[in-house]
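Please read them with the structure open.

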Amino acid sequence: MANENTAAANAAALQEANATAAKRLLDLKDVSIVFGGLRAVSNLNMHIDEGELVGLIGPNGAGKTTAFNMITGVYEPTEGQVHFDGQLVNGHKSYQVTQMGMARTFQNIRLFSELSVLDNVKIAFNMHVKYNLAEAVVRDKLYFSEEDYVAEKSMELLEIFHLEKHANDIAKNLPYGEQRRLEIARALATQPKLLLLDEPAAGMNPQETKELTNMIKWIRDQFKLSVLLIEHDMSLVMGVCERIYVLEYGFCIAEGKPEEIKHNKRVIEAYLGGEAS
């Protein structure tokens, strides 16, 4: 009987482990990167499950954007492995990582500034078109059909982000907050499983930040994806993130739910620059 109970317990544990593993979308294992003699990120272990909204915070120079760059193929880790949706990311170029199902925004907005708002989104959608170069040159029926579909879907995204009235405007002429929304819309046009947002509230006023907080939650639910967020605005981080990782000098010094991070003595001292009470 004891053996049967043990076997049943082991089977249940295995089933639970398999269920957990099936939900794992992003997994960093002992990831480090060295620039010259400087270890910018050291032995970072981090994971994101399907549908999770996770924050990555820390003071300037902590290694947050460097971690983003390793996740998205801009940098290849010196040590460790990055797995996404069961695939090894190490060694893949950024465009290949995007094809895997990751999309990101940048701390400094990167749009095709001289193109229209609509064209910025259409370019991102085009990674999914089925016509080849020859069909594009001769502009056959498949080409026009695909282009009509891309234009329709791009306009739908612009409507979601209240940018449809600016569809034909040049991207650089948009106000700052609307450029941020356009960058997020363009990222979503690649149809990602994981959206990485690098300081999306930078330069926004309090009202825009409040709207962004609600938007991030809505994006996660509406598009059924996971979100990894770098942000200095703690009201935004604490308001949207379900788990938070904290970096200091390239090391992860804490991980947990917002309430745990908020009262973590090490985080208060290292990140907030004060002493815990």
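1. Is Glu242 buried, partly exposed or exposed? Glu242 is partly exposed, at 32% relative accessibility (buried means under 20% relative accessible area, exposed over 50%, partly exposed in between, with a 1.4 Å probe and protein chains only).

2. The model is predicted: local features need pLDDT of at least 70, side-chain atom pairs count only at pLDDT 80 or more, and totals for chains, interfaces and linings use all residues. Residues are numbered from 1 along each chain as its sequence is written, and side-chain values use heavy atoms, with hydrogens and water left out.

3. Glu242 and Arg220 form a salt bridge at 2.8 Å, N to O (a side-chain nitrogen of Lys or Arg within 4 Å of a carboxyl oxygen of Asp or Glu). This pair links distant parts of the chain, 22 residues apart: Glu242 is in the loop between α9 (234–240) and β9 (243–248), and Arg220 is in helix α8 (residues 206–223). Helices (H or I, at least four residues) and strands (E, at least two) are DSSP runs, numbered from the N terminus.

4. Arg220 also meets Asp221 in a salt bridge (2.7 Å, N to O). Arg220 is buried at 14%, whereas Asp221 is partly exposed at 48%.

5. In helix α7 (residues 176–188), Arg180 and Glu183 are three residues apart, about one helical turn. Their side chains form a salt bridge (3.7 Å, N to O). Arg180 is buried at 3%, and Glu183 is buried at 1%.

6. An open antiparallel sheet has four strands in the order β2-β1-β4-β5 (strands pair if DSSP finds at least two bridges between them). β2 (38–49) and β5 (87–88) are the edges, each with a single partner strand, so one side of each lacks a neighbour in the sheet.
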